Amino acid sequence: MTASARAEITNEDLEASIRRTLDRTIARNIPGLAPLPQTQTDLDVGPSAKELVYSNETALLYHYLPTQSEIYRVPVLIVMSPVAKGYILDLAKGQSLIEYLVMQGHDVYMLEWIGPRRDQSHLSLDNYVIDMLGGCIDAVLQDTGENELTLVGYCMGGMLSCMYSALNVKGPVKNLACFTTPINADGMELYKRWMTAKSFDIDRLVKELGNIPGDFVNTSLQALRPLQRSANQMKLLNNVENDAFVKAHLRFDRWAVDQLPVPGELARTLVKDFMIDNKFVNNALTLRGERVDLGRIKVPFLHVAAQHDHIVPAAASKDLLPNIGSQDKHEIVMKGGHVSLVAGGNAIFRLWPQLDTWLSVRDV
Amino acid sequence: MASEDSFDPIRLWREWFVKSEKSLSDALSEMMGNEHFSKGMGRYTLEALHTHRMFSETMGQHLANLNIPSRSDILDTNDRLAHMEETLNRIQVELREQRSQIARITVLAGSAKPGDNAARPARTRKPANNLDT
């Protein structure tokens, strides 16, 4: 063995020894830090077993593998918001709406979105509702052999689900549930003021950027409660010795800043037609020439709103129920915020059982 | 680390901040909602776009001279990766379809055993009788 080889081994040994000592010291003296993942991406999210069933442009359709020997007849398709990643509904074992529904015997599919490429900036609301959501619905029906399904939309996913249901009143949507779904842009005061300002030019933004970056979306969401993230970091410091809290916090935090870019054309429609002209609540929105009239929706309908939702405040979603034409329609307002409603520690006691009850009698 | 009952002014400040965050955020949001701020933000966005474009054009040339990839090069790579992912997704979907067809044939031939993927769960589940809808 040469002197240089000996020196290399010695250096490696020394490095390993320092690392071991440090790890041991941290693990022994600061229990809360020991289980911290090295990076945010080390966190395991989305643990439920799933298979990719269909993909189309920015849409990915997953099927969650059933764990029960007998399942409800009608499949459930969860539609995520085009700006948010789907793993918020499947954060970790025991903290997953998906896992819960699968355990209750529902056949669950999820439409998740991915960020658009630069050559996909032309994708519009028409493409999202008619082509991509429509394509996923066809794929679910083909995969299950059923001729109807239940749509469950989260946030903007609820908007897309309502639009699809209003355009396809003869089926195949059997039931429609929406969580914290905005319909009236006048209720989103801050966004409304920013976007109606003469100096805000969405056309220029789209022309320059093509797609609206995820960071831009993230910043605009955080501006609604500018100090919330700082407060959450303080909560983390105050609970650093609580392993479960730290892991849950990191998972939420990762998701909160993990926003998807939005295709330029979709952003343009959302700003002009939804935010500025407020066409959705007035049943004046058109997709490929057909008017989206929510009054045409006659299937059983459920809307779940969060009491302390600062992203979609009550004023933005309260018109949904009156506008829907169904006889069988309900709204539940629960404690919690926009995200904690579906994925917080209390969701398992509040929202999930109510959703299961609502679905189970309608999914047979 | 300070124990729960020891006096820790930083911890107390953090707790106060967490409790006051909602009202502080509301006050800030209200300030951001006024007409001047909205106008200013719109102008700032447009100026930022303009600066971004000028900077990208200027820096692009410098980075090329230094043989360092620019943001545009990274976006090109990102797009190529996205195309590859799309192709992989199609292959994944195709493979699943093939597996499902084999499973259907196995079920029809009666050779599927309990626990096999071939045997999909029956879609006959009924809700419990005492559910309040």
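Guide: Let's start with Leu97(A), which sits in helix 2 (residues 97-103) of chain A; helices here are DSSP runs of H or I with at least four residues, strands are runs of E with at least two, and both are numbered from the N terminus. Keep in mind that this is a predicted model, where local features need pLDDT of at least 70, side-chain atom pairs count only at pLDDT 80 or more, and totals for chains, interfaces and linings use all residues. Residues are numbered from 1 along each chain as its sequence is written, while chains are lettered from A and ligands numbered from 1 in the order in which they are written.

Leu97(A) is buried, with 25 other C-beta atoms within 10 Å (buried takes 20 or more such atoms, exposed 12 or fewer, partly exposed anything in between, with C-beta atoms placed from the backbone). Setting aside neighbours within four places in sequence, Leu97(A) touches Leu89(A), Val342(A), Ala343(A), Ala347(A) and Trp352(A); contact means C-beta atoms, placed from the backbone, within 7 Å. Leu167(A), on the other hand, is 70 residues away along the chain, and its C-alpha atom is 28 Å from that of Leu97(A).

Now step back to the whole chain. Buried residues are 44% of the 364 in chain A. Of the contacts in chain A with a separation of 6 or more, 80% join residues 24 or more positions apart. Chain A has 14 helices and 12 strands. Its radius of gyration is 23 Å, close to the 21 Å that the globule rule gives for 364 residues, so chain A is as compact as a globular protein of that length (the radius is taken over C-alpha atoms, and the rule is 2.2 Å times the number of residues to the power 0.38).

Within chain A, helix 6 (202-209) packs with helix 10 (residues 264-276) at about 170 degrees, axes 10 Å apart. Axes are lines fitted to C-alpha atoms, for helices over the stretch in contact, and angles run from 0 to 180 degrees between N-to-C directions. That pair is therefore roughly antiparallel (over 145 degrees; under 35 is roughly parallel, 65 to 115 roughly perpendicular, the rest oblique). Ile202(A), Asp203(A), Val206(A) and Leu209(A) of helix 6 meet Gly264(A), Ala267(A), Arg268(A), Val271(A) and Lys272(A) of helix 10.

Next, the partner. The contact between the chains takes 44 residues from chain A and 41 from chain B. Helix 8 of chain A gives the most to its side, with six residues. The axes of helix 8 (residues 228-238) of chain A and helix 1 (residues 9-32) of chain B come within 9 Å and cross at roughly 155 degrees, and the two helices are therefore roughly antiparallel. From helix 8 of chain A, Gln228(A), Ala231(A), Met234(A), Lys235(A), Leu237(A) and Asn238(A) meet residues of helix 1 of chain B, including Arg11(B), Phe17(B) and Ser25(B). By class, that contact has five nonpolar, three polar and five charged residues; Ala, Val, Leu, Ile, Met, Phe, Trp, Tyr, Cys and Pro count as nonpolar, Asp, Glu, Lys and Arg as charged, and the others, Gly among them, as polar.

One last stop: Val240(A), in the loop between helix 8 and helix 9 (243-256) of chain A. Val240(A) is partly exposed, with 17 other C-beta atoms within 10 Å.

Key. Contact = placed C-beta atoms within 7 Å.
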